[in-house]
Amino acid sequence: MDGRRVLGRFWSGWRRGLGVRPVPEDAGFGTEARHQRQPRGSCQRSGPLGDQPFAGLLPKNLSREELVDALRAAVVDRKGPLVTLNKPQGLPVTGKPGELTLFSVLPELSQSLGLREQELQVVRASGNCPQTASRLQKYFTHARRAQRPTATYCAVTDGIPAASEGKIQAALKLEHIDGVNLTVPVKAPSRKDILEGVKKTLSHFRVVATGSGCALVQLQPLTVFSSQLQVHMVLQLCPVLGDHMYSARVGTVLGQRFLLPAENNKPQRQVLDEALLRRLHLTPSQAAQLPLHLHLHRLLLPGTRARDTPVELLAPLPPYFSRTLQCLGLRLQ
């Protein structure tokens, strides 16, 4: 296989300086849930945000040179044919001609990394890099069939799940609503629904800590579907903090939460109660810009050889995520 490749889709939200180490093939969540209330902290050290953007997000109006520098700093690992890259949140992979995207700066990034004639490509289709794409696809497909999670996400939720751990199962479909493709749950899907694109989805969840009416939750998807984890947490009546796409599907009357019909609820900015805003030191206008608090924290990849132990990539939390945990008195175990 000629040239090096960059993995784009799998690493959104990862940060520089990740460690890489082998782990047992069956590594994952323990069977004992840790549903405990942590001592409430304070984000006084962080202070109010003022007019500053949320730390850890890609600044707007970057030049091509600045984006290349940011991507070079986001390289996680370089082994064999792969360059593992942290695609900053908000950076599109592709776009219209003239737009600044990951694809548009790959030639400059290749030169910046000293790859010379070896041009980077995104490994997501067999046409780009058939051997690597096939190996990854087989690994992830086998893991899903064996119901062995390969990805672990951390999420901060507005609300606390009723159970400390469990499975979330739901049939989902993509529906075009008011010009936007949205993920919608389907109750009791028929065989015809499945043939027409409805997919049965499954995620594991575990509550790590709770505080101030919020929870730090670890999520492990066992299926792949657009916005699966966000919709799964909405079905638990605990939308992810910063979910401005699906959180409006959760209504509240006299302190009791309930699901609203997905088809009749357009995406809108997440509304947080005054107590939580004070806890986070946010104004309502700042909360309207709150980033999605869903972070890919751990990923297993296949080793170089078929019988090698999977390789684990760990990602530290983004600064804005850590600040929220500090404000809420939550701690990642």
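## Fold, aromatic pair and surface patch

Of the contacts in the protein with a separation of 6 or more, 71% link residues 24 or more positions apart. The model is predicted. The protein holds eight helices and 14 strands. It has 333 residues, and buried ones make up 47% of them. The accessible surface comes to about 17500 Å². Carbon and sulfur atoms hold 49% of that surface.

**Aromatic pair**

The count of aromatic pairs comes to one. Tyr139 and Phe140 form this pair, and its geometry is edge-to-face. The ring centres lie 5.4 Å apart, with 65° between the planes. The angle counts as edge-to-face because the cut-off is over 60 degrees. Are the two partners buried or exposed? Tyr139 is buried, with a relative accessible area of 14%. Phe140 is also buried, at 8%.

**Nonpolar patch**

Val253, Leu254 and Phe258 make a nonpolar surface patch of about 330 Å². Where does Leu254 lie? Leu254 sits in the loop between β11 (250–253) and β12 (256–259). Its relative accessibility is 84%, so Leu254 counts as exposed.

| Residue | Relative accessible area | Class |
|---|---|---|
| Tyr139 | 14% | buried |
| Phe140 | 8% | buried |
| Leu254 | 84% | exposed |

The classes follow from the cut-offs: buried means under 20% relative accessible area, and exposed means over 50%. Tyr139 at 14% is therefore buried, and Leu254 at 84% is therefore exposed.

Definitions and conventions: Residues are numbered from 1 along each chain as its sequence is written. This is a predicted model: local features need pLDDT of at least 70, side-chain atom pairs count only at pLDDT 80 or more; totals for chains, interfaces and linings use all residues. Side-chain values use heavy atoms; hydrogens and water are left out. Helices (H or I, at least four residues) and strands (E, at least two) are DSSP runs, numbered from the N terminus. Buried means under 20% relative accessible area, exposed over 50%, partly exposed in between (1.4 Å probe, protein chains only). Contact means heavy atoms within 4.5 Å. Accessible areas come from the Shrake-Rupley method with a 1.4 Å probe; for residues, only the protein chains shown count as cover. Rings of Phe, Tyr and Trp (its six-membered ring) pair if their centres lie within 6.5 Å; planes under 30 degrees apart count as stacked, over 60 as edge-to-face and the rest as tilted. Patches are made of residues with over 30% relative accessible area and no salt bridge: like charges are joined within 9 Å, nonpolar side chains (Val, Leu, Ile, Met, Phe, Trp, Tyr) within 5 Å. A salt bridge is a side-chain nitrogen of Lys or Arg within 4 Å of a carboxyl oxygen of Asp or Glu.
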